[in-house]
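Thanks for coming, everyone. Have the sequence and the model open, please. I'll keep this quick.

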Amino acid sequence: MLDIKFIRQNTELVRDACRKKQINPEIIDKLMEVDKKRSELMQSVEKTRRLKNEANEKIKEASHEERQKIIEKMKELNNDREKELQEIEKKFQELMLLIPNVPDASVPEGLSDNDNVEVKTWGNIREFDFPIKDHVEISKNLDIVDFDRGTKVAGFRGYFLKNEGALLSFAIWSLALEKIMSKGFIPMVAPSLVKEEALIGTGYLPQSKADVYETSDDMYLAGTSEVALMNYHSGEILALEELPKKYVGFSPCFRTEIGSYGKDVKGIFRVHEFFKLEQVILCENSEEESKRLHEEITRNAEEILEALEIPYRRVLNSTGDLGLGQVKKYDLEAWVPSQNKYRETHSASYFYEFQTRRLNIKYKNKEGEIKYAHSLNNTLIATPRVLMSLLENHQQRDGSVKIPEALHKYLNFTEIKPKNE
RNA sequence: GGAGAGGUGCCAGAGUGGUCGAAUGGGGCACCCUGCUAAGGUGUUAACUGUGAAAACGGUUCGAGGGUUCAAAUCCCUCCCUCUCCGCCA
């Protein structure tokens with residue numbers, strides 16, 4: 001959510017943000033109209049309230065007769081405008097939730113992820129001197145993912161990680177957790193089952209209702225632990241000394257993947273249920289600080305991919321690929337040999353006050369003023385998605401897969417051999 | 001699932017229609033005092049928001065929403081949340 005004062009003063013800027021994020025800019029006109037009405041009504045209503053309050057003061061000390069007189073007078077004050085104000089207020093809030101944050105000037109304009117700009121690549125893309133297999137085939141041969149029984153049990157996009165596949169996941173989590181904790185992140189195991197307000201606070205609702213599972217008792221299954229972690233401090237005023245607050249949350253993540261029915265139907269790339277370690281940061285209300293930490297959390301994730309020896313690239317997302325609240329976003333994309341392209345595995349973004357306004361997360365600055373904090377988040381590692389790249393990039397001629405050295409200390413094997421050839 | 005209790009300021013906790021933005025205690029902050037010294041005293045200590053250049057002056061907020069009333073922390077309704085006991089359960 002933006003500050004209405006900011007919108008009033010920068011109406012054209014926000015209108016432009018709508019255009020860039022492909023939101024109908026008419027919403028701004030509507031908002032300004034409602035805002036004007038709201039201000040007028042508010043002033044009128046407050047005037048009436050003032051009269052009432054003054055009368056109340058008098059009544060306290062008035063004699064019986066005076067009292068009756070005042071009461072009669074007060075009865076005549078009509079309250080129609082109160083109702084009107086309430087209705088306008090409701091409309092106002094609804095609109096405010098739909099107003100997008102303004103993208104950073106450095107964000108390239110575009111319509112979709114096709115317009116994202118590559119800003120960095122890392123690692124050498126392997127030249128295979130044998131016919132390569134995709135991760136589905138590899139994992140079947142190694143008996144580390146069971147898709148058939150996965151769909152039998154869990155339906156479309158269901159899967160079981162099995163044997164070394166299961167162990168590999170634990171090893172990756174351990175590696176990632178160890179690395180991020182050495183940087184002062186506080187480890188959290190976060191709820192996935194959350195209340196509606198938690199999703200509104202983070203900006204997933206009301207916009208993206210279709211992407212989220214709703215339970216039979218009106219709870220929701222969050223698609224990321226960002227939701228719970230951001231809500232962790234909702235309604236709080238933090239001390240300056242505790243900022244930046246750095247959390248790494250672990251949780252199962254649920255996504256309906258509505259709108260991508262035909263995409264990535266095979267394998268573990270796009271599933272309804274996965275696990276993720278997520279970085280979430282609350283920091284001071286400073287653009288420089290947000291930008292600095294944004295680079296930092298992006299690097300943190302890159303270091304994990306590097307430890308896993310997976311070639312990747314960093315892209316700067318175009319305006320069309322930004323969420324409602326995001327100011328700027330980098331995606332990390334890991335190399336997938338069988339598809340001969342990079343595929344998204346991480347998403348690092350910052351929001352300025354967009355989320356903290358909704359969640360009411362503040363802190364007291366040096367001057368003692370209460371400010372909204374800034375928020376950022378990034379994937380640290382998501383499984384099983386990253387396994388796709390890991391398995392394919394490290395596959396060997398004989399069908400086995402070599403385990404990257406960084407994981408050895410968490411496992412009692414250094415390669416996975418085919419079990420049924 | 002059954003039964004009960006409760007949601008008030010940074011915390012604890014009083015308050016059952018106007019004298020309550022809210023007693024009292026604790027904590028925080030400021031100043032003072034000092035041979036009862038990990039002590040004593042005095043004062044102070046909410047957030048949001050409107051008009052305004054500012055000073056200032058208003059408005060809102062006692063879980064949320066609605067209602068009764070000239071007037072609601074206090075009465076009524078709905079919802080949410082928390083806790084306790086029993087049951088069930090990893």
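One definition to begin: two strands pair if DSSP finds at least two bridges between them. Helices (H or I, at least four residues) and strands (E, at least two) are DSSP runs, numbered from the N terminus.

Some housekeeping. This is a predicted model: local features need pLDDT of at least 70, side-chain atom pairs count only at pLDDT 80 or more, and totals for chains, interfaces and linings use all residues. Residues are numbered from 1 along each chain as its sequence is written, while chains are lettered from A and ligands numbered from 1 in the order in which they are written.

Now confidence. pLDDT is the predictor's confidence in each residue, from 0 to 100. Chain A has a mean pLDDT of 91, with 99% of its residues at 70 or more. For the complex, the predictor gives an ipTM of 0.80 and a pTM of 0.91.

Next, strands. Which strands does strand 11 pair with? Strand 1 (residues 117–122) runs antiparallel to strand 11 (residues 312–316), joined by five bridges. Thr-121 has Arg-313 in strand 11 as its bridge partner. Strand 12 (residues 328–336) is also antiparallel to strand 11, again with five bridges. There, Arg-314 stands opposite Leu-332 of strand 12.

Last, the domains. Chain A divides into domain 1 (4–98) and domain 2 (113–416). Those bounds come from an automatic or database domain assignment. Over C-alpha atoms, the centres of domain 1 and domain 2 are 42 Å apart. Four residues from domain 1 and four residues from domain 2 make the contact. Contact here means C-beta atoms, placed from the backbone, within 7 Å.

Notes
Contact = placed C-beta atoms within 7 Å.
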